[in-house]
Amino acid sequence: MIVKVPCAVIEREGKILAAQRNAASSLPLKWEFPGGKLEENETEEEGLIREIREELEVEIRIGQRLPLSIRDDGWREIQLVPFVCQLLSFDIVLTEHEQILWLFPHELDALDWAEADRDVIESYRDYLQKQLFL
Ligand SMILES: Nc1nc2c([nH]c(=O)n2[C@@H]2O[C@H](COP(=O)(O)OP(=O)(O)OP(=O)(O)O)[C@@H](O)[C@H]2O)c(=O)[nH]1
């Protein structure tokens, strides 16, 4: 079974939003990019907008799609689909996560990320590097 999970690399003033999963979830207290599994007939973008509303109660604008990061759970393949995003509203309310942090890209490595997210961080840094030469 393949499970698509769009997630948001949310940028603000040069920093990125990192979110800590709650203690009762799968991958408890691991850090991730907010997002979640798609519902039936949703596009990746629709699903991501819905998840960010549910989890953070904010609106986002979706930008560049980054490469998939794939994780084999044993019984399912999680395909993490990251998008670079901007906030359109700023009053974040955490409904599911333990806490969030805004970190500069070089600070991200210090957190205990979900395994699939390490590749996302790499892809995001590549993306930033390319932006510099546009
Ligand atoms: N939202 C999100 N999920 C991630 C990331 N990295 C990663 O491995 N995942 C995994 O992708 C799945 C996303 O599911 P979800 O957020 O919609 O819901 P969930 O925790 O109830 O899922 P689950 O109980 O099926 O594991 C989870 O299994 C989660 O562990 C990430 O950066 N963001």
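Residues are numbered from 1 along each chain as its sequence is written. Because the model is predicted, local features need pLDDT of at least 70 and side-chain atom pairs count only at pLDDT 80 or more, while totals for chains, interfaces and linings use all residues. On pLDDT, the predictor's confidence in each residue on a scale from 0 to 100, the chain averages 97, and 100% of the residues score at least 70. For the complex, the predictor gives an ipTM of 0.92 and a pTM of 0.96.

A nonpolar core here is a set of buried Ala, Val, Leu, Ile, Met, Phe, Trp, Tyr and Cys residues joined through C-beta atoms within 7 Å. Buried means that 20 or more other C-beta atoms lie within 10 Å of a residue's own, exposed means 12 or fewer, and partly exposed is in between, with C-beta atoms placed from the backbone. The largest nonpolar core has 27 residues, of which A8, V9, I10, F83, C85 and V120 touch the most other members. Two or more residues each come from strand 1 (2-12), strand 2 (15-20), helix 1 (44-56), strand 6 and helix 2. These elements are DSSP runs numbered from the N terminus, with helices (H or I) of at least four residues and strands (E) of at least two.

Contact is counted when two C-beta atoms, placed from the backbone, lie within 7 Å. Leaving out residues up to four places away in sequence, A8 touches F33, P34, G35, L48, I52, I60, F83 and C85. C85 sits in strand 6 and is buried, with 25 other C-beta atoms within 10 Å.

A116, D117, V120, I121 and Y124 are buried. Seen down the helix axis, these buried residues fall within an arc of 140 degrees, so they line one face of helix 2; the arc is that of the directions from the axis to the C-beta atoms. On the other side, E115, D126, Q129, K130 and L132 are exposed. The cover over the buried residues includes strand 1, strand 3 (31-32), strand 5 (69-72) and strand 6.

L66 is itself buried, with 20 other C-beta atoms within 10 Å. Between L66 and P34, 32 residues apart along the chain, the C-alpha separation is 15 Å.

The ligand is next. Around it are 17 residues, and S26, E32, G36, K37 and A114 come nearest; a residue is near a molecule if its C-beta atom, placed from the backbone, lies within 6 Å of it. Strand 1, strand 6 (77-87) and helix 2 each give two or more residues to this shell. By class, the shell has nine nonpolar, four polar and four charged residues. Nonpolar covers Ala, Val, Leu, Ile, Met, Phe, Trp, Tyr, Cys and Pro, charged covers Asp, Glu, Lys and Arg, and the others, Gly among them, are polar.

L103 is found in strand 7 and counts as partly exposed, with 16 C-beta neighbours inside 10 Å. Apart from residues within four places in sequence, L103 is in contact with K15, I16, A18 and L108. P105 lies in the loop between strand 7 (99-103) and helix 2, and P105 is partly exposed, with 15 other C-beta atoms within 10 Å. Not counting residues up to four places away, P105 touches I16, Y124, R125 and L128.

Two backbone angles remain. Most residues other than glycine have a negative phi. E13, however, has a positive phi near 50 degrees; E13 lies in the loop between strand 1 and strand 2 and is exposed, with 6 other C-beta atoms within 10 Å. L29 has a positive phi of about 65 degrees. L29 lies in the loop between strand 2 and strand 3 and counts as exposed, with 12 C-beta neighbours inside 10 Å.
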